[in-house]
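Hi everyone, thanks for making time. I'd like to walk you through one protein today, so let me put it up on the screen.

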Amino acid sequence: KARRDQINAEIRALRDLLPLPDADRPRLSYLHVMALACIYTRKGACLRPGPARGAPMELLGGPELADLVASL
């Protein structure tokens with residue numbers, strides 16, 4: 001039971017970190033929270049190619065990242 005309580009507390013903390021309106025957060029199930037967190041993490045870690053072939057990859061930023069967060 002203690003382990004389950006710890007997991008539930010972590011999921012609630014994760015829910016509070018999601019970029020969603022405060023009114024929408026309480027309605028999310030734990031499964032929704034985990035799915036949104038995974039999507040947000042994957043999309044936030046998306047890389048785009050550098051300007052030249054073989055150049056280092058860049059993280060998304062600015063308007064691209066804002067559009068992605070808005071679509072979530």
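This is a predicted model: local features need pLDDT of at least 70, side-chain atom pairs count only at pLDDT 80 or more; totals for chains, interfaces and linings use all residues.

Of the 72 residues in the protein, 15% are buried. The accessible surface is about 5600 Å², and carbon and sulfur atoms account for 62% of that. As for contacts between residues at least 6 apart in sequence, 10% of them link residues at least 24 apart.

Now let's look at helix α1. Its 16 residues, 2-17, span 23 Å from the first C-alpha to the last, close to the expected 22 Å. Which residues of α1 are buried? They are Asn8, Ile11 and Arg15. Viewed down the axis of α1, the buried residues sit within an arc of 60°, so they line one face of the helix. Turned away from that buried side, you'll find the exposed residues Ala2, Arg3, Glu10 and Leu17.

Let me stay with Arg15 for a moment. Arg15 has a relative accessible area of 18%, and the cut-off for buried is under 20%, so Arg15 counts as buried. Setting aside residues up to four places away in sequence, Arg15 touches Arg25, Pro26, Leu28 and Val33.

And what makes up the largest nonpolar core? Five residues: Ile11, Leu18, Leu28, Val33 and Ala37. Take Leu18: beyond its neighbours within four places in sequence, Leu18 is in contact with Arg25, Leu28, Val33, Leu36 and Ala37. In soluble globular proteins, nonpolar side chains tend to be buried together.

Methods:
Residues are numbered from 1 along each chain as its sequence is written. Side-chain values use heavy atoms; hydrogens and water are left out. Helices (H or I, at least four residues) and strands (E, at least two) are DSSP runs, numbered from the N terminus. The expected span of a helix is 1.5 Å times one less than its number of residues. Buried means under 20% relative accessible area, exposed over 50%, partly exposed in between (1.4 Å probe, protein chains only). The arc is that of the directions from the helix axis to the C-beta atoms. Contact means heavy atoms within 4.5 Å. A nonpolar core is a set of buried Ala, Val, Leu, Ile, Met, Phe, Trp, Tyr and Cys residues joined through side-chain atoms within 4.5 Å. Accessible areas come from the Shrake-Rupley method with a 1.4 Å probe; for residues, only the protein chains shown count as cover.
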